[in-house]
Amino acid sequence: MCRDCGCSLGPEATRAPFAAGTNSSLKIETIEVITAILGENDRVAAHNREHFDEHGVLALNLMSSPGAGKTSLLEATIRALDGRLRVAVIEGDLATENDADRIRACGVPAVQITTGNACHLDAKMVHDAAHDLPLAGLDVLFIENVGNLVCPASFDLGQHRNVTLLSVPEGDDKPAKYPVMFRAADLSLLTKTDLLPYIGEFSPERARGALRQIGFDGETIELTSRGGAGFETWLAWLDREVAAQRERAARGESARPRVQPDGASAHAAGSRPQR
Amino acid sequence: MHELSVCQALIEQVTRVARDNDARRVISIVITVGPLSGVEPQLLEHAYPLAAAGTVAQDASLVIETVPVRVRCCSCAAETEAQANRLVCGACSDWQVDVIGGEEMLLTRVEIETETASIH
């Protein structure tokens, strides 16, 4: 069922000889290729997505800077769900099992990927981690990416939706500084809003404005992982997405984040780029 | 600094093209990169020699063609250039736009040296 056991996805890159050079024994040729540089990653990501769809699992990729509250959000979410949805988590960090330990302490399976010095997760890492999880018995797989507002945005993992977190202490202009990352979001969470009374510099309205300026037109939820109305709105979003994924899976359909890294969007179009 | 990962993926693609076309060596590689791809051309240039070392593309030059962010306005239909952190219509300033360029991260051309069949 995996690339390791022989299944393959996607045609080979389009290529054709373009021009011939000298007529000596050595010849110079220019080969027109036009293929996604990250095409191999995209291929594995598509394969991951097939695994998730096969089991009707919703895969969410959580991205933010380090310390924005991804793990705290997951802990609070798992506790609030109280078994209502079956959850597992893939944790990405450069080092330590700390985050996976925190998730396991909430009573759900977690796999820690330690990337060494790599600043992002890629599809192959997620593929290997997913094989250590009971996908058949899950409703939601959270993939907590490496805390980083740059690199993770360029790699498709096979997720259905991207969720970005922007925490109040970081400042409301973060979307303008890191447009590629925040533009990739399907859902934007403004976290640690319990700190708003102490950090007057942060304006949720300005944050929303900065998100609009970079072309984000999805839903924005203000919340704190300590609970409250915003947190309930997040849980309701999760319920809707899980239900939508079940329906799609039953129809044999899938979903992708609204914004795709370039190579992945070429695959999504169902056709290779034309020469 | 994910540019090293991107360069390693690039070299894998180029190596495949070289092998499929019986190349003795790769002379140049042309890629197209847009600001919304999330990779920085200058960092790609720095990372490239590390990824290329010891491969068929070891001595190949890397040519990076950069393209601007372009948007099509949903209100006035104008197609204009935009900044990555200000995706608004250049004509009417409306923020409801479709991105039509600037997300590229593509391998476009590979120049290779091959040996012709009729030697001597």
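1. B:Ala91 is exposed, its relative accessible area being 54%. The model is a predicted one, and this value, like the others here, is computed from it. B:Ala91 belongs to the loop that runs between strand E4 (79-82) and strand E5 (97-101) of chain B. Leaving aside residues up to four places away in sequence, B:Ala91 touches B:Cys76, B:Ala78 and B:Thr80. B:Val33 lies elsewhere: 58 residues separate it from B:Ala91 in sequence, and the C-alpha to C-alpha distance is 25 Å.

2. Two residues of chain B deserve a look at their backbone. B:Ala77 has a positive phi of about 70°, although it is not a glycine. Its place is the loop between strand E3 (69-73) and E4 of chain B, and with a relative accessible area of 51% B:Ala77 is exposed. The cut-off matters for this residue, because exposed means over 50%.

3. The other is B:Asp22, whose phi is near 50°, again a positive value in a residue other than glycine. B:Asp22 is found in the loop between helix H1 (3-20) and strand E1 (23-33) of chain B. With a relative accessibility of 62%, B:Asp22 counts as exposed.

4. On chain A as a whole: the chain contains 9 helices and 9 strands. Of its 275 residues, 58% are buried. Among contacts in chain A with a separation of 6 or more, 73% are between residues 24 or more positions apart.

5. How many aromatic pairs are there over all chains? The count is 2 aromatic pairs. One joins A:Phe142 and A:Trp234: the ring centres are 6.4 Å apart and the planes stand at 40°, so this pair is tilted. A:Phe142 comes from strand E6 (residues 140-144) of chain A and A:Trp234 from helix H8 (residues 229-251) of chain A, so the pair ties together parts that are 92 residues apart in sequence. Both A:Phe142 and A:Trp234 are buried.

6. A:Trp234 also forms an aromatic pair with A:Trp237, and this pair is stacked, at 5.8 Å centre to centre with 15° between the planes. The relative accessible area is 0% for A:Trp234, which is buried. A:Trp237 is buried as well, at 5%. Through these ring pairs, A:Phe142, A:Trp234 and A:Trp237 are linked into a cluster.

7. Helix H2 (residues 70-81) of chain A packs against H8(A) at an angle of about 75°, and the axes are 11 Å apart. H2(A) is therefore roughly perpendicular to H8(A). On the H2(A) side the contact is made by A:Leu73, A:Ala76, A:Thr77, A:Ala80 and A:Leu81, which meet A:Phe231, A:Trp234, A:Leu235 and A:Leu238 in H8(A). By class, the residues of this contact of H2(A) with H8(A) are 8 nonpolar, 1 polar and no charged.

8. Helix H7 (residues 204-213) of chain A has as its buried residues A:Pro204, A:Ala207, A:Gly209, A:Ala210 and A:Leu211. Which elements of chain A cover the buried residues of H7(A)? The cover includes strand E7 (161-167), helix H5 (174-177), helix H6 (179-183), strand E8 (187-191) and strand E9 (219-222) of chain A. Just after H7(A), A:Gly215 takes a positive phi of about 90°.

9. Finally, A:Lys124 is in helix H4 (residues 123-130) of chain A. Its relative accessibility is 33%, so A:Lys124 counts as partly exposed. A:Lys124 and A:Asp42 are 82 residues apart along the chain, while their C-alpha atoms are separated by 9.7 Å.

Conventions. Residues are numbered from 1 along each chain as its sequence is written. Chains are lettered from A and ligands numbered from 1 in the order in which they are written. This is a predicted model: local features need pLDDT of at least 70, side-chain atom pairs count only at pLDDT 80 or more; totals for chains, interfaces and linings use all residues. Side-chain values use heavy atoms; hydrogens and water are left out. Rings of Phe, Tyr and Trp (its six-membered ring) pair if their centres lie within 6.5 Å; planes under 30 degrees apart count as stacked, over 60 as edge-to-face and the rest as tilted. Helices (H or I, at least four residues) and strands (E, at least two) are DSSP runs, numbered from the N terminus. Buried means under 20% relative accessible area, exposed over 50%, partly exposed in between (1.4 Å probe, protein chains only). Axes are lines fitted to C-alpha atoms, for helices over the stretch in contact, and angles run from 0 to 180 degrees between N-to-C directions. Angles under 35 degrees count as roughly parallel, over 145 as roughly antiparallel, 65 to 115 as roughly perpendicular and the rest as oblique. Contact means heavy atoms within 4.5 Å. Ala, Val, Leu, Ile, Met, Phe, Trp, Tyr, Cys and Pro count as nonpolar, Asp, Glu, Lys and Arg as charged, and the others, Gly among them, as polar.
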